[in-house]
Amino acid sequence: MSSKKEREQKLLLLLSKKQDYMTAEELAAALNASSKTVYRLIKKINDEVLEGSLILSEKGRGYKLDYERYMKQNHQSFDKKSSFSPKERRSRILEELLLSAPKPKNVYELFEEYYVGDSVIFSDEQRLAEELKRYDLTLRRKNRTLAVIGEEGAIRKAISDRIQMLNIIDIDDLRTTKELNFNNYDVLFVLDQLRIIEKKLDIMIPYPYNVNIFSHLYILISRSRKVVVSEKSKLSNEEKTELKKDLALKEVAQATIQNIENYLNKQLPKIEAYYLYQYLVSSRMQGSFSKATNFSPRVMQITQFYLDEMSTHLKILIANDTIFLELANHIKPMLNRLENGIRVKNSLLDQIKMTYEMIFSKITDVSDAVSEKYQLPVINEDENGFITLYFARIIETNQLPIRTLIMCTTGVGTSELLRVKVEKKFPELQIVDVVATRNVAKSLKKHSDIELILTTIHLQDSLSIKSLLVSAMFTVDDQHRLQRKIEEIYHER
């Protein structure tokens, strides 16, 4: 992603999190850019919207995201027909080369539909060769052909990374979405295999693990039509032992590969059942099968390590069997992913890092310690993002209510109406009293643990307690401002 695209994405994330107006100066500071850059980014984003504006502006208040349009555009982003950008062109060509690897493809046939000249083709070749180096793969040119050379595992990893739309689109939409560069028959077949796996195990494989398995099987089918996909056919003794650890998953993996062989009318190497088995073991599952799983001492130790370390960092006691079980159910397949080089893309990573910045930072530190202590590969950002959500939920569900005082001129009438509205919209607030301005000092003395004052009049004297001036009618704007104040208090606890 280019730096400009990254800034556009970060700008949209900032506005989506704020859910209110932000000035150009505030946006510029958050993006570490100039106000002029912010104006250009907003204009570019709005120019790309077919109708209306994605970012609204109001004089004196700044800019605000049309959130409903933003969510709708995100969902429909892959249904738009458009000409291919240079980056999209290279991505599609690389996908075709990878699917056919190591078979060579004619250069001019590859580029024919894009209507580009020799200089552009040469430039694309250089970029593709650089991209392939990340996977220890080589782009070989011979006469008028191109071919990708390297190990099968690296080729499949590169193909999986190319299928970027799977990180965003709902897997159920693949049945009906026609604009994706997929073989529709293969899509339907693989989706049916996923359904059969879930039925046999009496479980549900949630997103994004279902996407990972779909991607693996779709790539296997696509490559099997073009080349012999496995460099080894026999299982090692170690791999045979690994398969015996979970006979139910072994049986399902073998049956699925048999179904694929029947679909292709082609025999596949036995190692393919082992590869699928590893994807299943590396996936989070929901249902009766997952509840029956046992945890190794190592999984239990690592889970407890996360809980102990985060309890210290977050200054809350995390001692709950349900929390331990849920986190262990994530850690168990995560360890398998790390050891087998399986990466699950976290499509919410940017939002998680922005919304739970402090928690994500602490999780990253703890994960580094886990990798060192238990001799594991580096735990990547995607995994840290998933773990962050567990602890964000713990904080959200274990926060003590915020003891709140409502204050107005008389302490009756409209203030009681305000109390009802606040209690209905914000159950995390505990309204301990509704008082008149003249009695605020007495009430604060009585309730010394007050954390927030909601007031309908401007306070002349500064108080050490956080306060928020709101309308007695408690408008939508008041509600947004109060939500930010609550988040601020939670963050400071």
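**Reading confidence, sheets and a helix crossing**

Guide: This is a predicted model, and the chain has an average pLDDT of 83, with 86% of the residues scoring at least 70.

Visitor: Where in the chain is confidence lowest, and where is it highest?

Guide: The lowest value belongs to helix α14 (residues 288-291), with a mean of 54. The highest belongs to helix α12 (residues 247-264), at 95.

Visitor: Which residues have a pLDDT under 50, and how should such coordinates be read?

Guide: Where pLDDT is low, the predicted coordinates should not be read in detail. Here, residues 75-82 stay under 50, and the model gives them eight contacts beyond four places in sequence. Residues 164-168 are also below 50, and that stretch has 14 contacts in the model beyond near neighbours in sequence.

Visitor: What is the strand order in the open sheet of three strands?

Guide: The order is β3-β5-β4, and the pairing is antiparallel. β3 (105-106) and β4 (138-142) are the edge strands, each pairing on one side only.

Visitor: How many bridges join β4 to β5, and which residue stands opposite R140?

Guide: β4 and β5 (residues 145-149) run antiparallel and are joined by five bridges. The residue opposite R140 is A147 in β5. Helix α7 (residues 118-133) lies across both β4 and β5, at about 145° to β4.

Visitor: How do I read a helix crossing, taking α15 and α18 as the case?

Guide: Start with the axes. Those of α15 (residues 297-314) and α18 (residues 357-373) come within 10 Å and cross at roughly 140°. Angles over 145 degrees would count as roughly antiparallel, so α15 and α18 are oblique to each other. The crossing of α15 past α18 is right-handed.

Visitor: Which residues meet there, and how do they divide into nonpolar, polar and charged?

Guide: From α15, the residues include I302, F305, Y306 and M310; among those they meet in α18 are I359, I363, V366 and V370. E309 in α15 and K362 and K373 in α18 also belong to this contact. The division is eleven nonpolar, two polar and three charged.

Conventions:
Residues are numbered from 1 along each chain as its sequence is written. This is a predicted model: local features need pLDDT of at least 70, side-chain atom pairs count only at pLDDT 80 or more; totals for chains, interfaces and linings use all residues. Side-chain values use heavy atoms; hydrogens and water are left out. Two strands pair if DSSP finds at least two bridges between them. Helices (H or I, at least four residues) and strands (E, at least two) are DSSP runs, numbered from the N terminus. Contact means heavy atoms within 4.5 Å. Axes are lines fitted to C-alpha atoms, for helices over the stretch in contact, and angles run from 0 to 180 degrees between N-to-C directions. pLDDT is the predictor's confidence in each residue, from 0 to 100. Angles under 35 degrees count as roughly parallel, over 145 as roughly antiparallel, 65 to 115 as roughly perpendicular and the rest as oblique. A crossing is left-handed if the near helix is turned anticlockwise from the far one by less than a right angle, and right-handed if clockwise. Ala, Val, Leu, Ile, Met, Phe, Trp, Tyr, Cys and Pro count as nonpolar, Asp, Glu, Lys and Arg as charged, and the others, Gly among them, as polar.
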